[in-house]
Amino acid sequence: MEIPSSEAINIVLDPRVSIEKQITLGNYKTTHAEINSKNFPLTIPAGKREVILYEPHGYVTTEQVANRIATDGCKAATLDDALTIGVQYPERQLKNPLVFFGTTWNVGGRSLIPILDHWDNDRVLEMDELSNTPWSSDYRFVAVCK
């Protein structure tokens, strides 16, 4: 399965802005209740970085995407990146759900990952289960290559 990178986005991270404040600035219709400073400390230093969106052509597994990202010398983007994109590029998630599997949260035997998604035209910051179940071509997988 081909999984080319399709788009680059430049963001500016600022870990001095709390997760709660970034969620407020993101103006989401709903946010997963467990996304907070207690459960997810911000870990990326302040500064500019470029994130790459990988676009699958057809259904792909998490393993396939992870392998493609690693082959390119990149790493999966984190919640820090998701929050920043949600504030700086709020309309982007209305085109495609954006998946950030560089951050996982283990609860009840499940590994959850952040996703910037939409329901109708409402933007949401959710957590979904990280599994090897195929993802559709609607999703974009966010990575950092530098």
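Colleague: Why is Arg92 called buried?

Modeller: Buried means under 20% relative accessible area, exposed means over 50%, and partly exposed is in between (1.4 Å probe, protein chains only). Arg92 has 8% relative accessibility, so it counts as buried. This is a predicted model, where local features need pLDDT of at least 70 and side-chain atom pairs count only at pLDDT 80 or more, while totals for chains, interfaces and linings use all residues. Residues are numbered from 1 along each chain as its sequence is written, and side-chain values use heavy atoms, with hydrogens and water left out.

Colleague: What makes Glu7 and Arg92 a salt bridge?

Modeller: A salt bridge needs a side-chain nitrogen of Lys or Arg within 4 Å of a carboxyl oxygen of Asp or Glu. For Glu7 and Arg92 the N to O distance is 2.9 Å. That meets the cut-off, so the pair is a salt bridge. It links distant parts of the chain: Glu7 is in strand β1, and Arg92 is in the loop between α3 and β5 (98-99), 85 residues apart. Helices (H or I, at least four residues) and strands (E, at least two) are DSSP runs, numbered from the N terminus.

Colleague: Is Glu7 buried, partly exposed or exposed?

Modeller: Partly exposed, because its relative accessible area is 25%.

Colleague: How many salt bridges does the structure hold?

Modeller: Six. Among them is Arg16 with Asp14, whose closest N and O atoms are 2.8 Å apart. Arg16 has a relative accessible area of 73%, so it is exposed. Asp14, at 25%, is partly exposed.

Colleague: How do you know that Arg49 and Asp81 form a salt bridge?

Modeller: Their side chains meet at 2.9 Å, N to O. Arg49 sits in strand β3 and Asp81 in helix α3, 32 residues apart. Asp81 has 0% relative accessibility, so it counts as buried.

Colleague: Why is helix α3 described as largely enclosed by the rest of the structure?

Modeller: Count its residues. Eight of the ten in α3 (residues 79-88) are buried, so the helix is largely enclosed. Those buried include Leu79, Asp81 and Ile85. At the start of α3, a side-chain oxygen of Thr78 comes within 3.2 Å of the backbone nitrogen of Asp80.

Colleague: What makes a group of residues a nonpolar core?

Modeller: The set must be buried Ala, Val, Leu, Ile, Met, Phe, Trp, Tyr and Cys residues, joined through side-chain atoms within 4.5 Å. The largest such core here has 25 residues. Ile35, Ile85, Phe100, Leu116 and Val142 have the most contacts inside it. Helix α3 gives the most to this core, with four residues.

Colleague: Which residues does Ile35 contact, leaving aside its neighbours within four places in sequence?

Modeller: Contact means heavy atoms within 4.5 Å. Ile35 touches Ile19, Ile23, Phe40, Leu79, Leu125, Glu126 and Met127. Apart from this core lies another, of 14 residues, among them Val60, Ile69, Ile113 and Phe141.

Colleague: Why is the pair Cys74 and Cys145 called a disulfide?

Modeller: A disulfide is a pair of cysteine sulfur atoms within 2.5 Å. Those of Cys74 and Cys145 are 1.9 Å apart. A search of the whole structure finds one disulfide. Cys74 is in the loop between α2 (62-71) and β4 (75-76), and Cys145 is in the segment after β9 (140-144), 71 residues apart.

Colleague: What makes this disulfide right-handed?

Modeller: The torsion about the S-S bond of Cys74 and Cys145 is about 100°, so it is right-handed. Cys74 is buried at 9%, whereas Cys145 is partly exposed at 30%.

Colleague: What makes the link between Thr62 and Trp135 a polar contact?

Modeller: A polar contact is a pair of N or O atoms within 3.5 Å; within protein, one must be able to donate a hydrogen and the other to accept it, and residues adjacent in sequence count only if both atoms are side-chain atoms. The side chains of Thr62 and Trp135 make such a contact at 2.8 Å. Thr62 lies in helix α2. Its relative accessible area is 10%, so Thr62 is buried.
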